[in-house]
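Welcome to a short tour of one protein chain. Have the sequence and the 3D view at hand as you read.

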Amino acid sequence: MAGTILVLEGSWRGHCRGCLAKLWWMTSFPNRKAIPFDAEPVVVEDGGRVVEPEGFRIVAVSTEGVHWATCPKAAAFRKPKQ
């Protein structure tokens, strides 16, 4: 079952450096890390908050379709456990 994650509204197209798949990217909130999705992310709910001073809206998207779960090269990008 898919969960949700908070992200800044807006996405951009790109590709995976490992498997070269075409992806949609979004920025997580609050840590501001890029998250890849296999398809356009599904907005589950509008968070109703705006990040100041940038003016971005925070939304929740479904974690279904996060590329890390399907990428054959995902292990190459994981940091070693300490």
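The protein chain has five strands and zero helices, and its order along the sequence reads β-β-β-β-β. Please keep in mind that this is a predicted model.

**The chain as a whole**

Along its principal axes, the C-alpha trace spans about 35 × 30 × 25 Å. Of the 82 residues in the protein chain, 29% are buried. The accessible surface comes to about 5,900 Å², and carbon and sulfur atoms contribute 56% of that area. Among contacts with a separation of 6 or more, 42% are between residues 24 or more positions apart.

**Strands β1 and β5**

How do β1 and β5 run, and how many bridges join them? They run antiparallel, with five bridges between them. On your display, you can find I5 opposite V61, the latter in β5. Strand β5 is largely enclosed by the rest of the structure, because five of its seven residues are buried.

**Around S28**

Next, turn to strand β2, where S28 is found. Is S28 buried or exposed? Its relative accessible area is 4%, under the 20% cut-off, so S28 counts as buried. The side chain of S28 makes a polar contact of 2.3 Å with that of N31. Setting aside neighbours within four places in sequence, S28 is in contact with L6, V7, K33 and I35.

**Backbone features in the loops**

The peptide bond from F29 to P30 is cis, with omega near 15°. P30 has its place in the loop between β2 and β3 (34–37), and R32 is also placed in the loop between β2 and β3. R32 is not a glycine, yet its phi is positive at about 60°. With a relative accessible area of 37%, R32 falls between the 20% and 50% cut-offs and is therefore partly exposed.

L20 belongs to the loop between β1 (4–15) and β2 (22–28). Its phi is near 65°, again a positive value in a residue other than glycine. L20 counts as exposed because its relative accessibility is 59%, over the 50% cut-off.

A further loop residue is P53, between β4 (43–51) and β5 (56–62). Its relative accessibility of 76% is over 50%, so P53 counts as exposed as well.

**Sequence distance and distance in space**

| Pair | Separation in sequence | C-alpha to C-alpha distance |
|---|---|---|
| L20 and C71 | 51 residues | 9.5 Å |
| P53 and A75 | 22 residues | 36 Å |

Methods
Residues are numbered from 1 along each chain as its sequence is written. This is a predicted model: local features need pLDDT of at least 70, side-chain atom pairs count only at pLDDT 80 or more; totals for chains, interfaces and linings use all residues. Side-chain values use heavy atoms; hydrogens and water are left out. Helices (H or I, at least four residues) and strands (E, at least two) are DSSP runs, numbered from the N terminus. Buried means under 20% relative accessible area, exposed over 50%, partly exposed in between (1.4 Å probe, protein chains only). Contact means heavy atoms within 4.5 Å. Accessible areas come from the Shrake-Rupley method with a 1.4 Å probe; for residues, only the protein chains shown count as cover. Two strands pair if DSSP finds at least two bridges between them. A polar contact is a pair of N or O atoms within 3.5 Å; within protein, one must be able to donate a hydrogen and the other to accept it, and residues adjacent in sequence count only if both atoms are side-chain atoms.
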